[in-house]
Amino acid sequence: MNSSRLPIFSRISGTGSYLPGEPVSNNELVARGVDTSDQWIIERTGIRFRHLAAASVTSSDLALQASLRAIESAGRVPAEIDLIVLATSTPDFIFPSSAALLQDKLGIKNGAAAFDVQAVCSGFVYGLAIAEKFIRSGSHRCALVVGSEVFSRILDWNDRGTCVLFGDGAGAVVLEASDAPGIHATALHADGSFNKILSVPGQLCGGQVIGSPFLQMDGPSVFKFAVKVLADVAKEVLDAAGMNAQQIDWLIPHQANIRILQSTARKLGLPMGKVIVTVEHHGNTSAASIPLALDDAVRAGTIKRGDTLLLEGVGGGFTWGAALLRF
Ligand code: ACO
């Protein structure tokens, strides 16, 4: 602990992302036997493609590729990482954590702390807020925060109401101690009484799956809940930082569905031109979607150093959260 250096801020010094394999179009899902259409999926969700990992590929494999890119773009090497926070709802194993497996795959031998965060589609924002608190405490200086998912493993391909929405992928950032912000404000919330509207209500017991191993969702309830809390939590972090929505250069919401993004932007009084939208290319990748969208926009030159970003997520639990930061 190095409290003599407080206050320490944290800033994102690098971003990376990874999508496995070739994009799978809506029409390819139809060809594979899903009872749907390109038109229905685009009109209701904005999704055109998703990526589906091969059966042998795990969350920590996707996380490795995204992390290597983030570490390189930060100008760091893996041995400098002293904290790994990996958000996933589709871990490689029950244990050890995918974060520990990622640490091994990165060849990090310095004893860096590593753990998974389970907050479904809010997982990356949860991970970022947690890492920020570690850095501000002075205990850690160079964190790797990752969202990585193989949601295709928990989809029922006979349930057209859910299987068309999700995809696999990973995104990562390096978050470092800094003399100036960086992250201005974060907020995290949960309300477990909404656990039934989005869940995978299964467990392993005695070698059997008890309950269901597949994602179940009450789509309209999720839609209403998501739009409300995304607007509320955005206002909360803006208030905490003494800023207003007009000062945001880019809103990067969880990429679930174009209509949720549009409704959230409308509630905040932001034009869609200020919202990073990548959902059409990869569908809902849960904890990976925010860092995927961030990295995509950074590498395209859309997001530039010094821009003010509002990252926000919502997902099963229900959980939700936001981070307001200077990139
Ligand atoms: N293709 C064709 N028809 C379909 C499909 C499909 N893939 N899925 C459902 N339908 C049909 C239904 O059977 C229904 O038919 P019916 O009227 O004959 O009974 C009709 O479409 C309407 O179904 P709804 O579920 O009412 O459709 P809705 O307009 O609500 O759209 C959707 C469904 C897109 C899931 C919407 O509720 C939604 O966007 N919810 C948010 C869910 C979300 O984004 N979840 C992501 C995970 S949560 C998160 O990340 C925060």
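Before starting, I wrote down one term: a polar contact is a pair of N or O atoms within 3.5 Å, where, within protein, one must be able to donate a hydrogen and the other to accept it, and residues adjacent in sequence count only if both atoms are side-chain atoms. I also noted that this is a predicted model.

**Entry 1: Ser139**

I found another polar contact from the Ser139 side chain to the side chain of His140, at 2.7 Å. I then looked along the chain to Asp82, 57 residues away from Ser139, and found their C-alpha atoms separated by 9.5 Å.

**Entry 2: the two domains**

Next I stepped back to the whole chain. I read off domain 1 as 9–180 and domain 2 as 184–326. In their contact, I counted 53 residues from domain 1 and 45 residues from domain 2. The C-alpha centres of the two domains lie 14 Å apart.

How much area do domain 1 and domain 2 bury between them? I noted about 3,600 Å², with 64% of it on carbon and sulfur atoms. On the domain 1 side, Cys121, Val125 and Tyr126 supply 17% of the area buried against domain 2, more than any other three residues.

**Entry 3: what holds my eye at the contact**

I looked up the polar pairs here too: 23 residue pairs are in polar contact between domain 1 and domain 2, both residues at pLDDT 80 or more. Several elements give two or more residues to the domain 1 side, including strand S1 (9–18), helix H3 (59–73), helix H5 (123–137) and strand S7 (168–178). I sorted the residues of that side into 23 nonpolar, 18 polar and 12 charged.

For salt bridges between the domains, my count is 1. I also looked at Arg48 and Glu280, whose side chains meet in a salt bridge, N to O, at 3.5 Å.

**Entry 4: Thr162**

My last stop was Thr162, in helix H6. Thr162 counts as buried because its relative accessibility is 2%, and the cut-off is under 20%. Which residues does Thr162 touch, not counting those up to four places away in sequence? I wrote down Leu155, Leu215 and Met217.

How values were computed. Residues numbered from 1 in each chain as written. Predicted model: local features only at pLDDT ≥ 70, side-chain atom pairs only at ≥ 80, totals over all residues. Heavy atoms only, no water. Domains from an automatic or database assignment. Contact = heavy atoms within 4.5 Å. Buried area = accessible area lost by both parts, 1.4 Å probe. Salt bridge = Lys/Arg side-chain N within 4 Å of Asp/Glu carboxyl O. Helix = DSSP H or I, 4+ residues; strand = E, 2+ residues; numbered from the N terminus. Nonpolar A, V, L, I, M, F, W, Y, C, P; charged D, E, K, R; others polar. Buried < 20%, exposed > 50% of the residue type's maximum accessible area, 1.4 Å probe, protein only.
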